[in-house]
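Here are my notes on the aromatic side chains and a few charged neighbours. Please read them with the model open.

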Amino acid sequence: MSPWDVAVVGGGPAGLAVALTTAKNGLRTVVLERAAVPPDKACGEGLMPSGVAALERFGALALLERGECSPFVGIRYVQEDGSGAEGRLPAPGGLGVRRVALVRAMAARARVLGVELRERCGVVAHRRTEQGWELETAAGPLQARMLVAADGLGSPLRRAEGLEVEVAGPRRFGLRRHFRMKPWAPFVEVHLSEGVEAYVTPSGEERVGVAFLWADGLPGRIGFESLLARFPVLAERVGGAEPDSKARGAGPLARAARCRVADRFALVGDAAGYVDAVTGEGLSLAFTCAEALGNLLPEALTRGATREALLPYERVFQRAFRKYAWLTRSLLLLAGRPVLRRPLVRWLGSNPRVFEHLLANAIV
């Protein structure tokens, strides 16, 4: 058989978004996932409006199981003293969705479009050739003209291709768990405390996801229950509710790449670079960039998929990532300085239109 046009390593949302786009564009695509599909990972599980729109373009939105997702209308910040601010997102709003349900829907749509999805099929070796790539996988060898790495924060392929860049500064980590209960509000809530934040996402008709983010040096014991205890109001909300998943962690969160493209090679999703989950834009950013790459590849492959042919994707990534990184670093700077953060959040609470303008022009 002739080589695949595109081999995508990683069967999470970013990798499947690439595969959905390349398949719609007529490219023979195979997705290689080392775990069983759908793989479950720590994730905030919130889609901003641009991410919801992308999911509809992929043809996967209608395949989501109703009980596994929940719309939300905006973002609510809650401070230690109970003060806060809330703002609504532009229509149609956001969508909280259990990650495994999102992957199931995207994988089902990919198979309809002719994508071959190989589970428990990690890449153990890869070699660039004049025509593309030779890959050794757990299920045997294969050839592809283009290799896309969507293999997560730690991305072995990013390191192997010499694109890894060390990130300076404090390391940040995340930990999440779900609870079986009705969401109490149609908002994603961000609970703020000194040194740690809690993110609450409605991710099903009877499910709430709670995730914590913190930096190295946080005093005291680090565990889900000890982190929850730092937020008495939130702890009371979920107290007595049955856990609906195991606690899963991620980190260090910040990752960087020298470039997203090389000859017949591209990085997408978290593998392409990551700052932090504080803005909740990870999935939406991944979809934007994956779609741009997938739409570029038919023409790029006619030109040998050289680095130069793939540079338009790098430019799309840089524009999208620059905006995300600027906002994320600004929010992290503010969150780490309660003396500045507290009065600003109170002011936004008194001026919701300003908050909504910021949401519409920065986060979405």
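1. Start with the cluster: ring pairs join F179, F212, F224 and F231. Rings of Phe, Tyr and Trp (its six-membered ring) pair if their centres lie within 6.5 Å; planes under 30 degrees apart are stacked, over 60 edge-to-face, the rest tilted. R177 sits over the face of F224, 5.1 Å from the ring centre. For such a charge, NZ of Lys or CZ of Arg must be within 6 Å of the ring centre and within 35 degrees of the ring normal.

2. Keep the source in mind. This is a predicted model, where local features need pLDDT of at least 70 and side-chain atom pairs 80 or more, while totals for chains, interfaces and linings use all residues. Residues are numbered from 1 along each chain as its sequence is written, and side-chain values use heavy atoms, without hydrogens or water.

3. The whole structure holds 10 aromatic pairs. W133 and F265 form a tilted pair, because their centres are 6.1 Å apart and their planes are at 50°. W133 is in strand β10 (residues 133–137) and F265 in strand β21 (residues 265–267), so the pair ties together parts 132 residues apart in sequence. Strands are DSSP runs of E, at least two residues; helices are H or I, at least four; both are numbered from the N terminus.

4. F317 and F321 are stacked, with centres 5.0 Å apart and planes at 15°. Both lie in helix α8 (residues 307–335), 4 residues apart, or about one helical turn.

5. One more charge over a ring: R28 lies over the face of W4, at 4.3 Å from the ring centre.
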